[in-house]
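Trainee: I would like to learn how to read a model like this one. Could we take it feature by feature?

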Amino acid sequence: MEKTEKIWNKNFVLLFITNLLVLAAFYASIPIIPIYCQQIGITGSKIGIVLTAMSVTTVLFRPVAGYLLDNFNRYRVYLLFLGLFCLAFPSFILFPVFGLLILIRLFMGAVYSVCGSATMTLASDVLPRTKITPGISRFAFTISIGMAVGPFVGIQVQNHMSSKASFLVIFAITLAALICVSFCKISYPKVERKKFVLREAIYNPALPFMFNMMFLMIPYGAVIAYSSMLAQEKQLTSVIPYFYIFLVAGMLVSKLSTQKMIDDGKHRILVYVSLAILIVTMASYAFLTTGIHLLIAGFFFGLGYGILQPLFQSFVTGTTPAPKRGVANATYLLSYDIGIGIGSLLMGYIQETIGLSVGFALTAVSYVIGGIVYAAYVDRYYCKLSSNSSIHSDPSNFLSQYMKHEVYSLQEDATVRDIIACFSNKYINGAPIVSANGTAVGFISDGDIMRYLREDDRPLFAIDSSASFMGFWNPDTEFEQKLNSIMDLNVLEIGTNKPITISANASIEDVCKLLSEAGVKKAPVVAGGKVVGIITRSIITHYLANRFLEHTQKGISN
């Protein structure tokens, strides 16, 4: 819901600061938790279990997070879950027991999955539609900086305070974030809530980016969780705070030197360069002996991730229609949950056998795998998505951005039996009928079937499907026979063979006029004679409500 043509508008700035504080607080806790566990008698692989427990619920709850953000007021959802997230940190002090610490981390995973998905989605909502990709690239930098600044803050407070006091400091940071975001003014219209369906809680177009980034985040999980312990092994404890300073410096350099290339779409070379830097950096850990080496590794580690993290986030958000950004971000951020979880768990087990230095070096294999995935598929996949969605930057092209792109259609030789199975399995109530080459030749809805079965002589027009159903419902033998008799009828015998379609280049005015004059609730969208989407009245209503609120907010601000 963009309120101004500027990227750095008031809401964007407040969300930027909020996300930076939340991420800094979260990642500040990661180096503190292993030390805290050792202090209360939890050692070895049990530390890895405590660290990884959060990833379990984060992964499991991400689909729910996407559903909540797309079906409820996103801003209020974020406020609620950020408040719950704040409560997790004093809980470490209150319950210093292995089993209870696992429960706390599980709780953190559930609430953080919503918080992490919400800020990125809210940020895209307050950006101008024409500047979403460069805006999100900038906003995603909070992830990189938060991941780097957080451990530095955690180590600093750990060195100067007790572990319990450290958790209270982190608690204060999260409260500051909650206060900051409360100053945002983001309005949303009432959303037509859909039933939660697990397969719809995963945004399939974001899966390739998620899978690719998952491999790239495995070494990050290892480094962030175990750098302090590595420094203790190498007797470089005094250097580790500066390691994170150099890491932040590397991220800042990457941002200042590559942002223009990102804005210009030169993503391919940036991915390959950053991967090369990270492979060399992680491999060098096998020979780590000095503080200078550790600082240089921190700088190049930050340089690589300062490029990759904002870049991949912009891949996802920049190619996703606005109504789907909640579930898209939730799907993509599974890469962080799974990758960091694998990295921290892996190092928890192998540190006792081959040591942290060699373990860090071996994680470079993940970059190689990630690079292969990117080169073999993700690069071309992003180019295709970007090309298809380039029309989104034009606000006048309503259909390409807001129509339902996932179309369930029926072949022209389908039967009523096929229709009922399709409607039941896909949770839909209407679908276009297409020929073998994908051309729309008809349309069928549940209302068509019900009207065909009606027992009275009411006119065909303006009959609500639910009322029609109640009218014909009479579960006697005659009805059963009538129902069975139509199961093998061709779809075109019941549906319309003169489909009402609309061009993908149509304006919002064209869409409203068509649906109104034709008296239909939805219509297939066609391009080149093929069905490419579905437009519905509810989508129109949602869009118009958003635009009304946008103009209202602008009037108030002026």
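Mentor: Start with a hairpin. β2 and β3 form one, with 5 residues between them. In the turn, G438 has a positive phi of about 90°. Keep in mind that this is a predicted model.

Trainee: In what sense do β2 and β3 pair, and over how many bridges?

Mentor: The general idea comes before the case. Strands of a sheet pair through backbone hydrogen bonds, and the sense is either parallel or antiparallel. Here, strand β2 (residues 430-434) and β3 are antiparallel, with 5 bridges. G430 has S445 in β3 as its bridge partner. I433 stands opposite G442 in β3.

Trainee: How does β1 pair with β2, parallel or antiparallel?

Mentor: Parallel, over 2 bridges. Look at L410: it stands opposite I433 in β2. Now put the pieces together. The order β1-β2-β3 makes an open sheet of 3 strands, and its pairing is mixed.

Trainee: Which strands are at the edges of that sheet?

Mentor: β1 (410-411) and β3 (440-445) are the edge strands, since each pairs on one side only.

Trainee: How many residues of β2 are buried?

Mentor: 5 of its 5 residues, so to read the term: buried means under 20% relative accessible area. β2 is mostly covered.

Trainee: What is the strand order in the sheet that holds β5?

Mentor: The order is β4-β5-β6. This too is an open sheet of 3 strands with mixed pairing. β4 and β6 are at its edges and have a single partner strand each, so one side of each lacks a neighbour in the sheet.

Trainee: How do I trace the pairing of β5 on each side?

Mentor: Take one partner at a time. Strand β4 (residues 502-503) runs parallel to strand β5 (residues 522-527), and 2 bridges join them. S503 stands opposite V526 in β5. On to β6 (residues 530-536): β5 pairs with this strand in the antiparallel sense, over 6 bridges. A527 has K530 in β6 as its bridge partner. For A523, the partner in β6 is I535.

Trainee: Now the helices. How many helices and strands does the chain have?

Mentor: The chain has 23 helices and 6 strands. Helix α12 (residues 325-332) has 8 of its 8 residues buried, so the rest of the structure largely encloses it.

Trainee: Which residues of α12 are buried?

Mentor: R325, G326, V327, A328, N329, A330, T331 and Y332.

Trainee: What do the totals for the chain say?

Mentor: Of its 558 residues, 55% count as buried. Among contacts with a separation of 6 or more, residues 24 or more positions apart account for 79%. The accessible surface is about 23500 Å², and carbon and sulfur atoms hold 63% of that.

Trainee: How do I read empty space inside a model?

Mentor: Rolling a probe the size of a water molecule over the atoms shows where empty space is left. In this structure, a search of the whole finds 2 cavities of 30 Å³ or more. The largest cavity holds about 340 Å³ of space.

Trainee: Which residues are closest to the centre of the largest cavity?

Mentor: F26, Y27, Y112, D337 and I340, out of 27 lining residues. Several elements give two or more residues to this lining: α1 (10-39), α2 (45-71), α4 (98-125), α6 (141-160), α8 (207-233) and α13 (334-350). By class, the lining has 16 nonpolar, 8 polar and 3 charged residues.

Trainee: And which residues line the second largest cavity?

Mentor: Y203, P205, A206, F209, V316, T319, T320 and L385 line it. The second largest cavity has about 40 Å³ of space. Its lining has 6 nonpolar and 2 polar residues, with no charged residues.

Note on methods. Residues numbered from 1 in each chain as written. Predicted model: local features only at pLDDT ≥ 70, side-chain atom pairs only at ≥ 80, totals over all residues. Heavy atoms only, no water. 1 Å grid on protein atoms, 1.4 Å probe; cavity = no way out; pocket = protein on both sides within 12 Å on 5 of 7 lines; lining within 4 Å. Points joined across faces, edges and corners; volume = space filled by probe spheres on them. Helix = DSSP H or I, 4+ residues; strand = E, 2+ residues; numbered from the N terminus. Nonpolar A, V, L, I, M, F, W, Y, C, P; charged D, E, K, R; others polar. Pairing = 2+ DSSP bridges. Buried < 20%, exposed > 50% of the residue type's maximum accessible area, 1.4 Å probe, protein only. Contact = heavy atoms within 4.5 Å. Areas by Shrake-Rupley, 256 points an atom, 1.4 Å probe, with all protein chains shown as cover.
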